[in-house]
Amino acid sequence: MTLTLERLDCRLGGTPVLEGIAGLEARPGEITALVGPNGAGKSTLLKAIAGLERADGSLLLHGQELMTLSLERRAQYLYYLPQELGSRAVLNVFEAVLLARRTCIHEPHERALRKVQATLQALELEPLAERELGQLSGGQRQRVAIAQAVTREPSLLLLDEPTSALDLHHQLQVLDWLSRLAAQRHIIVIIAIHDLSLAARFAHHMWMLKAGRVAASGTPGDVLTHARLRDVYAIEAHIEWPDDEPPRITPLTAIHSLGTA
């Protein structure tokens with residue numbers, strides 16, 4: 001069963017932001033990378049799927065039409081993690097992740113503790129378990145937010161730039177873990193991400209947006225071409241696809257200004 005975007009349109013303040021988004025699928029057990037330049041509509045698309053932006057169209061998850069569901073009903077199926085993390089709660093890391101789990105899953109307390117401990121261990125957060133959220137760096141807080149998201153065990157996980165504040169080690173660690181988690185739990189993971197090399201390394205499929213429309217979708221190898229990077233990103237780039245290795249994408253020159261976003 002899949003998430004299927006049969007058609008989706010979204011206007012913000014009367015201005016079209018997403019137009020004719022259609023023919024996109026994201027499958028359980030896989031990561032789908034949502035890519036495109038600034039202002040392409042990536043965050044808006046994730047919010048529209050989550051029900052946080054008003055949109056028109058048809059959006060099916062496991063055959064269920066999400067567009068007819070309230071936010072509360074939608075939250076039974078999915079979890080959305082935004083770019084901006086605003087929590088200032090006076091909780092330590094362990095308490096914050098445990099609270100996130102307990103609000104969604106009813107289970108014996110000892111089982112919840114074990115699940116939270118395993119999640120913290122996987123994200124290398126155990127040394128921070130007793131530290132208050134307000135004492136964390138941006139990257140540490142981002143990893144805690146990812147832990148809070150996955151511990152809820154949603155069928156669909158929507159992550160908006162989840163590695164933007166992470167160092168190189170934790171970017172690789174988090175994306176590798178999310179890839180294995182998707183396969184183990186058979187969940188759908190959609191990640192908006194700017195780093196095309198990371199996207200190509202960990203994603204099974206890729207959706208590329210340009211100015212609120214679908215520019216391409218398919219495997220990273222299908223989507224990431226010289227012509228498409230020139231058209232969508234306005235750059236000349238060198239792309240290498242070594243055997244059994246992640247791709248190497250090296251931007252060379254900007255063709256023209258994309259303006260501000």
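**View 1. Strand 7 in the lining of the largest pocket.** Strand 7 gives 3 residues, the largest share of the lining of the largest pocket. The model shown here is predicted. In total, 13 residues line this pocket. Nearest its centre lie Ala-75, Leu-78, Tyr-79, Tyr-80 and Arg-152. Two elements give two or more residues to the lining: helix 2 (71-74) and strand 7 (78-81).

**View 2. Volume and residue classes of the largest pocket.** The volume of the largest pocket is about 310 Å³. Its lining holds 9 nonpolar residues and 3 charged ones. A further 1 residue of the lining is polar.

**View 3. Pro-82 in its loop.** Pro-82 sits in the loop that runs between strand 7 and helix 3 (93-102). Pro-82 counts as partly exposed because its relative accessibility is 28%, between the cut-offs of 20% and 50%. Along the chain, Pro-82 and Ala-227 are 145 residues apart. Their C-alpha atoms are separated by 31 Å.

**View 4. The largest cavity and its lining.** The structure holds 1 cavity of 30 Å³ or more. About 50 Å³ of space lies in the largest cavity. Its lining includes Ile-31, Ala-33, Leu-175, Ile-191 and Ile-193. Leu-198, Ala-199, Phe-202 and Ala-203 also line the cavity. By class, the lining has 9 nonpolar residues, with no polar and no charged ones.

**View 5. Helix 7 beside the largest cavity.** Helix 7 gives the most to the lining of the largest cavity, namely 3 residues. Strand 4 (30-35) and helix 7 (196-202) each supply at least two residues of that lining.

Technical notes
Residues are numbered from 1 along each chain as its sequence is written. This is a predicted model: local features need pLDDT of at least 70, side-chain atom pairs count only at pLDDT 80 or more; totals for chains, interfaces and linings use all residues. Side-chain values use heavy atoms; hydrogens and water are left out. On a 1 Å grid over the protein atoms alone, a cavity is a set of points where a 1.4 Å probe fits but cannot get out, and a pocket is an open set with protein on both sides within 12 Å along at least five of seven lines; lining residues have an atom within 4 Å of a point. Grid points are joined across faces, edges and corners, and a volume is the space filled by probe spheres set on the points. Helices (H or I, at least four residues) and strands (E, at least two) are DSSP runs, numbered from the N terminus. Ala, Val, Leu, Ile, Met, Phe, Trp, Tyr, Cys and Pro count as nonpolar, Asp, Glu, Lys and Arg as charged, and the others, Gly among them, as polar. Buried means under 20% relative accessible area, exposed over 50%, partly exposed in between (1.4 Å probe, protein chains only).
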